[in-house]
Amino acid sequence: MIFPSARGLTFLGFRLYPGSIRAGKRCGKRFIARLKQLQRQYAEGVVDLKKIKQVIASYNGHLSHAATLDLRTEILSSHPFVRKHTKTHPYALKRGVMHKHMDNHLTIEVPK
């Protein structure tokens, strides 16, 4: 079937129009889904910032071939990466347990 070029053509995750290239819907949705997954994993301490930067750099590299600066800015600004704060158990406070944060790892020391 032949369609007018004004409708665009999907190719490699992009929508090609006469005079412009845009990101396809699926590509943006996959990017958002991947960021949400990384947010959960980062909050739980499963992944580190190095891995997150690699994934974002990969998507930025792919999406940079189209007019997507506003899309990338909007997606990244609406998905912050924050570690969950651990609550100290009341029993640990009674026993005098001290907490130290070192290199994004929580270590617990019991005073002697």
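Setting aside neighbours within four places in sequence, I52 touches L38, Y42, V47 and F81, where contact means heavy atoms within 4.5 Å. This is a predicted model, with residues numbered from 1 along each chain as its sequence is written. Local features need pLDDT of at least 70 and side-chain atom pairs count only at pLDDT 80 or more, while totals for chains, interfaces and linings use all residues, and side-chain values use heavy atoms, with hydrogens and water left out.

I52 also belongs to the largest nonpolar core, a set of 12 residues that includes C27, F31, L35, V55 and I75. Such a core is made of buried Ala, Val, Leu, Ile, Met, Phe, Trp, Tyr and Cys residues joined through side-chain atoms within 4.5 Å, buried being under 20% relative accessible area (1.4 Å probe, protein chains only). Helices α1 and α2 each bring at least two residues to this core; helices here are DSSP runs of H or I, at least four residues, and strands runs of E, at least two.

How do α1 and α2 pack? Their axes, lines fitted to C-alpha atoms over the stretch in contact, lie 11 Å apart at an angle of about 175°. That makes the two helices roughly antiparallel, a label for angles over 145 degrees on a scale from 0 to 180 between N-to-C directions. Among the residues that meet are R30 and L38 from α1, and K51 and Y59 from α2.

As for confidence, mean pLDDT (the predictor's confidence in each residue, from 0 to 100) is 76 for the protein. Among its elements, α1 (residues 25–44) scores highest at 90 and strand β5 (residues 105–109) lowest at 37. Over residues 91–112 the pLDDT is below 50. Where pLDDT is low, the predicted coordinates should not be read in detail.

Notes
Angles under 35 degrees count as roughly parallel, over 145 as roughly antiparallel, 65 to 115 as roughly perpendicular and the rest as oblique. Buried means under 20% relative accessible area, exposed over 50%, partly exposed in between (1.4 Å probe, protein chains only).
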